[in-house]
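Here is a friendly briefing to read alongside the coordinates.

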Amino acid sequence: MLSAEGLDLGHRLRSVSFSLEPGLMVAVVGPNGAGKSTLLQVLAGLLRARGRIRWDGRELARIPFLERGRTLAWLGQDSHAEFDFPVREVVAQGRYAWGDDGHGVEDALDALDLRHLAARPITQLSGGERRRVFLARALATGAPLQLWDEPTGNLDVRHGLEVLKLASGLAAQGSTLLVSLHDLRNAFCFHRVLVLDQGRLVGFGAPQEVLTPALIQAVFRVRAREAPGLVLELPD
Amino acid sequence: MTARPRVLPLAATGLLVAILLAAAIASLALGDANLRPAEVLRALAGRGDDLARTVVWDLRLPRTLVGMAVGAGLAASGVAMQAYFRNALASPGLLGVSSGGALGAVAVLALGGASASLWTVPAASILGAFAATAAVMMLARRGASSEHLLLSGVALNAIFGAGTSFLLALSAGQFQVSGQILFWLMGGLENRTWEHVWISLPAILLGCGLLLPLGRGLNLLSLGEASAQSLGVDVRRLRWQLIVLSTVLTALATAVGGIVGFVGLLVPHLLRLGFGPDHRRLLPLSMLGGAALVLLCDLPTRFLPGSMRLGVITALVGGPFLLWMLRKKPC
């Protein structure tokens with residue numbers, strides 16, 4: 001169980017509090033600069049903020065580095081790679097905190113459709129492919145708390161949907177996922193949605209209840225209306 | 001496209017050790033009095049004629065050991081800096097750390113402090129190198145673009161170079177002092193004694209030994225600081241270890257060898273091309289490769305005019321190499 005109490009970081013986060021039972025997949029949405037990435041970085045212990053984050057009753061900041069590496073996985077937005085590590089080696093880095101036991105690395109490669117790229121140097125991949133490699137690395141940690149900052153960012157439609165499916169599979173196994181998104185339509189396949197605006201938590205709950213046209217208009221300044229259109233989904 | 005074939009680390013290590021041994025024997029054998037390899041080995045074992053023993057033990061062995069220490073230290077330092085800055089162009093020479101160390105050493109020489117103790121010059125060199133490292137860290141944050149990093153290095157090299165030139169001009173009248181200063185600027189292994197070996201070799205070996213176990217952490221760090229931390233690396237601690245070790249290694253190498261450029265850039269880069277970027281492999285291979293490269297570059301200086309010093313040779317080899325790197329991978 002993850003709980004955050006009064007997270008405060010200048011104007012980037014203002015007294016954000018929430019708590020999540022295990023097995024939930026949470027979409028973090030909000031306009032640019034709302035604090036989505038900041039929140040995920042604070043939860044991952046990469047940014048210090050006032051307030052308290054607890055994981056299973058323990059204060060996260062007090063958990064030693066290696067144990068934290070086994071507890072949470074964070075996927076940042078930066079997919080830059082300077083050195084040409086082969087894909088499999090990058091994914092295997094997810095096992096650092098486990099003494100590099102290689103456990104689950106092959107499964108993570110399969111889950112992100114990377115098997116055919118496993119021996120390729122990461123510097124030779126496209127932006128979307130690199131993103132999937134880093135996501136596979138986060139997956140390989142086997143951490144029960146997964147924090148993904150715009151994982152579907154530059155993925156094609158199919159791989160974007162695969163990632164969402166993967167997330168729901170992890171949640172079904174009891175993991176907690178916080179995933180920041182830009183496409184609000186994708187937020188509807190999450191259990192909860194957490195809406196941030198200028199560092200404030202302005203909505204938290206089931207997507208159908210929270211993402212009302214009124215809230216969308218107030219936060220994102222766009223009009224939301226239901227209309228028939230193209231529906232894209234993964235084949236069974 | 002398929003992945004580059006990777007040679008077994010065992011074969012790579014064996015190859016580099018063989019090159020290093022060959023270079024060391026050549027370094028012991030060649031010079032004003034040329035010896036045959038068999039004579040070198042006999043002299044090393046304490047046998048053979050007096051002249052060969054004196055040449056090997058008193059002149060060429062210290063020079064060879066210092067050369068190996070300088071090369072290993074600079075190359076290891078280059079690997080650490082490249083991982084730290086996530087940039088394959090980072091190196092002690094280009095970032096100005098070497099010239100900071102040289103300025104420290106030159107200041108002591110110009111002020112006549114070199115005679116005070118054997119350790120004043122190395123100490124001043126370490127101090128200068130740390131000042132340069134601190135400046136680089138302030139000017140270019142990690143993950144900074146190549147452009148930013150290199151321009152910071154250009155600026156620092158210019159500033160330290162100006163200080164060094166000033167001190168050189170001040171001591172122009174004192175022939176011996178200005179000669180010593182020129183030594184620093186051009187880098188060289190002439191007249192190295194066992195004292196220089198004791199100053200540099202144990203500390204450089206220790207520094208390299210402390211760097212070796214950090215390879216795994218370097219792999220993670222070189223793909224991003226925040227992600228490394230989230231995966232369980234104590235990034236703050238690792239960063240400090242890298243800064244301190246790479247600066248001390250560069251400073252010690254500079255203290256006994258003067259400015260020997262491009263070793264920290266060229267060696268890791270070439271080995272990465274051949275054997276991949278895994279730092280657990282790259283660190284030990286670079287130490288071997290750096291030691292071999294410095295010994296090989298030192299050989300021609302024994303037969304060329306006195307002004308063709310070690311630093312000049314490594315620059316002649318490394319300069320074109322850097323241009324080639326820049327052409328291949330734009331900043």
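In which helix of chain B is B:Gly71 found? B:Gly71 is found in helix H3 of chain B, where helices (H or I, at least four residues) and strands (E, at least two) are DSSP runs numbered from the N terminus. Please keep in mind that this is a predicted model, in which local features need pLDDT of at least 70 and side-chain atom pairs count only at pLDDT 80 or more, while totals for chains, interfaces and linings use all residues. Residues are numbered from 1 along each chain as its sequence is written, and chains are lettered from A and ligands numbered from 1 in the order in which they are written.

**Around B:Gly71**

- B:Gly71 counts as buried, with 33 C-beta neighbours inside 10 Å; a residue is buried if 20 or more other C-beta atoms lie within 10 Å of its own, exposed if 12 or fewer, and partly exposed in between, with C-beta atoms placed from the backbone.
- Leaving out residues up to four places away in sequence, B:Gly71 touches B:Val263, B:Gly290, B:Ala291, B:Ala292, B:Leu293, B:Val294 and B:Leu295; two residues are in contact if their C-beta atoms, placed from the backbone, lie within 7 Å.
- B:Gly71 and B:Gly264 are 193 residues apart in sequence, yet their C-alpha atoms are 8.2 Å apart in space.

**Helix packing in chain B**

- Helix H3 (residues 50–85) of chain B packs with helix H14 (residues 279–301) of chain B at an angle of about 140 degrees, and their axes are 7 Å apart; axes are lines fitted to C-alpha atoms, for helices over the stretch in contact, and angles run from 0 to 180 degrees between N-to-C directions.
- H3(B) and H14(B) are therefore oblique to each other, given that angles under 35 degrees count as roughly parallel, over 145 as roughly antiparallel, 65 to 115 as roughly perpendicular and the rest as oblique.
- The crossing of H3(B) and H14(B) is right-handed; a crossing is left-handed if the near helix is turned anticlockwise from the far one by less than a right angle, and right-handed if clockwise.
- The contact of H3(B) with H14(B) has 16 nonpolar, seven polar and one charged residues; here Ala, Val, Leu, Ile, Met, Phe, Trp, Tyr, Cys and Pro count as nonpolar, Asp, Glu, Lys and Arg as charged, and the others, Gly among them, as polar.
- Helix H13 (residues 263–275) of chain B and helix H15 (residues 310–328) of chain B have axes 9 Å apart and pack at about 55 degrees, which makes H13(B) oblique to H15(B).
- The crossing of H13(B) and H15(B) is left-handed.
- On the H13(B) side, B:Val263, B:Leu265, B:Leu266 and B:His269 meet B:Thr314, B:Gly318, B:Phe321, B:Leu322 and B:Met325 of H15(B); by class, this contact has six nonpolar, three polar and no charged residues.

**The two chains overall**

- Chain A has nine helices and 10 strands, and its radius of gyration is 18 Å, close to the 18 Å that the globule rule gives for 236 residues, so chain A is as compact as a globular protein of that length.
- The radius of gyration is taken over C-alpha atoms, and the globule rule is 2.2 Å times the number of residues to the power 0.38.
- The C-alpha trace of chain A spans about 50 × 45 × 35 Å along its principal axes, and buried residues make up 44% of its 236 residues.
- Chain B has 15 helices and zero strands, and its radius of gyration of 20 Å is close to the 20 Å from the globule rule for 331 residues, so chain B is as compact as a globular protein of that length.
- Along the principal axes, the C-alpha atoms of chain B fill a box of roughly 60 × 50 × 35 Å, and 54% of the 331 residues of chain B count as buried.
- Among contacts between residues at least 6 apart in sequence, 66% in chain A join residues at least 24 apart, and in chain B 77% do.

**Where the chains meet**

- In the interface, 21 residues of chain B are in contact with 29 residues of chain A.
- Helix H10 (215–221) and helix H11 (225–230) of chain B each supply at least two residues of the side of chain B that touches chain A, and H11(B) gives the most, with four residues.
- That side of chain B divides into nine nonpolar, eight polar and four charged residues.

- A:Glu150, in the loop between strand S7 (145–149) and helix H6 (157–172) of chain A, has a positive phi near 50 degrees and is buried, with 20 other C-beta atoms within 10 Å.
- B:Arg86, in the loop between H3 and helix H4 (92–95) of chain B, has a positive phi near 50 degrees and counts as buried, with 20 C-beta neighbours inside 10 Å.
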